[in-house]
Amino acid sequence: MSDVLLEIENLHVTFASPHGPIRAVDGLSLRAERGATLGVVGESGSGKSVTFLAAMRLLDPATATVSGRIRLDGVDLLTLPSREMQTVRGPRIGMIFQDPLAALHPLLRVGDQISETLRAHGDISRRDASDRAVAALRRVGIPSPDERARQYPHELSGGMRQRVMIAMALVLEPELLIADEPTTALDTTVEAQILALIDDLRTRIGLGVVLISHSLATVSQVADTVAVMYAGRAIERGPCSDVFGQPQHPYTWGLLDSLPAVDGGHESLTPIPGAPPSLADLPPGCRFGPRCGYRMPACGERVPDLVERHAGHADACILPMDGREGLRRAPIAHPANSEPAP
Ligand code: SF4
């Protein structure tokens, strides 16, 4: 059996809007493997969440046009009949949504919500579903799970609610877990616990994991491979150790340079100037061009392809490979801080 569990190939997602088509995802290709974690990072609006909502077929076809291929174990999810897709969502792919308080039903006890998931997907008695819900809560480290199962979402802490979401996503024992910003709004200690929990489940039950986050620091803790997204495209992709150890794309350099140093130095951070482009009005050529301190005239001519330079490590930048690291160490004359873009 192939190690590739989910394969996204040349995915395009376009939303209709009064301002014209919004190209939220534009030619994205990614792979998630069994027993491994794929980290997907990028700023808000880079297309991270939309990509995986498309994989779950949760986008409204009245407003979103999706094309390309999204294969789970070789089967294209985009062409599956809706009824068959219901046997994929939950039983084969579990998803943790961004905001547990919004995702959980406020008027149902958490144990009942997990039981309902089981009963919707199988012939199981109310009593057995209830027992499995409690077992699912216990598996994600919730203390006194019998008692917690009888509580409503608002009675639980943020960390507990997030664990409930993980329990619900995993109760049908899927092969793939998509975790969309699973630790946003949690304090650092609880974030570490949640990440460790997901990683433990990955190793114990061979789960494939997609971790979507705006935080490089979060992804670097647990991902095996990482894709950096910008304006609907992957601009760098590869093994986590390579992307963080030897980043190749100026956007990734900018993201890393804007992180605080772990040694506690007091040097000021270097933010990436400017803001991501409007997806309804993209710049010509490289989409990072208006914010890039290394931009050349050729950068505006066409969108750079994602090209593999070293084994498994690809980037979408036309800078010559020789001396890229030297460039990164040079002071960056960000165009947004100096002259206007040509
Ligand atoms: Fe910068 Fe040009 Fe590379 Fe884009 S292609 S990241 S504008 S150097």
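## Basis of the model

Residues are numbered from 1 along each chain as its sequence is written. In this predicted model, local features need pLDDT of at least 70 and side-chain atom pairs count only at pLDDT 80 or more, whereas totals for chains, interfaces and linings use all residues.

## Helix 7

Helix 7 covers residues 158-170; helices are DSSP runs (H or I, at least four residues) and strands likewise (E, at least two), numbered from the N terminus. The 13 residues of helix 7 reach 19 Å from first C-alpha to last, close to the expected 18 Å, where the expected span is 1.5 Å times one less than the number of residues.

Of these 13 residues, 12 are buried, meaning under 20% relative accessible area with a 1.4 Å probe and protein chains only. Among them are Gly-159, Arg-161, Arg-163 and Leu-170. The buried residues of helix 7 pack against several elements, including strand 6 (93-96), helix 5 (126-139) and helix 8 (188-205); contact means heavy atoms within 4.5 Å.

## His-313

His-313 belongs to strand 12 (residues 313-315). His-313 counts as buried because its relative accessible area is 2%. Leaving aside residues up to four places away in sequence, His-313 touches Glu-236, Arg-237, Asp-242 and Glu-308, among others.

## Cavities

A cavity is a set of points on a 1 Å grid over the protein atoms alone where a 1.4 Å probe fits but cannot get out; lining residues have an atom within 4 Å of a point. The model holds 3 cavities of 30 Å³ or more.

The largest cavity has about 100 Å³ of space, a volume being the space filled by probe spheres set on the points. Its lining has 15 residues, and Pro-250, Cys-286, Cys-292, Cys-299 and Cys-317 lie nearest its centre.

Definitions and conventions
Side-chain values use heavy atoms; hydrogens and water are left out. On a 1 Å grid over the protein atoms alone, a cavity is a set of points where a 1.4 Å probe fits but cannot get out, and a pocket is an open set with protein on both sides within 12 Å along at least five of seven lines; lining residues have an atom within 4 Å of a point. Buried means under 20% relative accessible area, exposed over 50%, partly exposed in between (1.4 Å probe, protein chains only).
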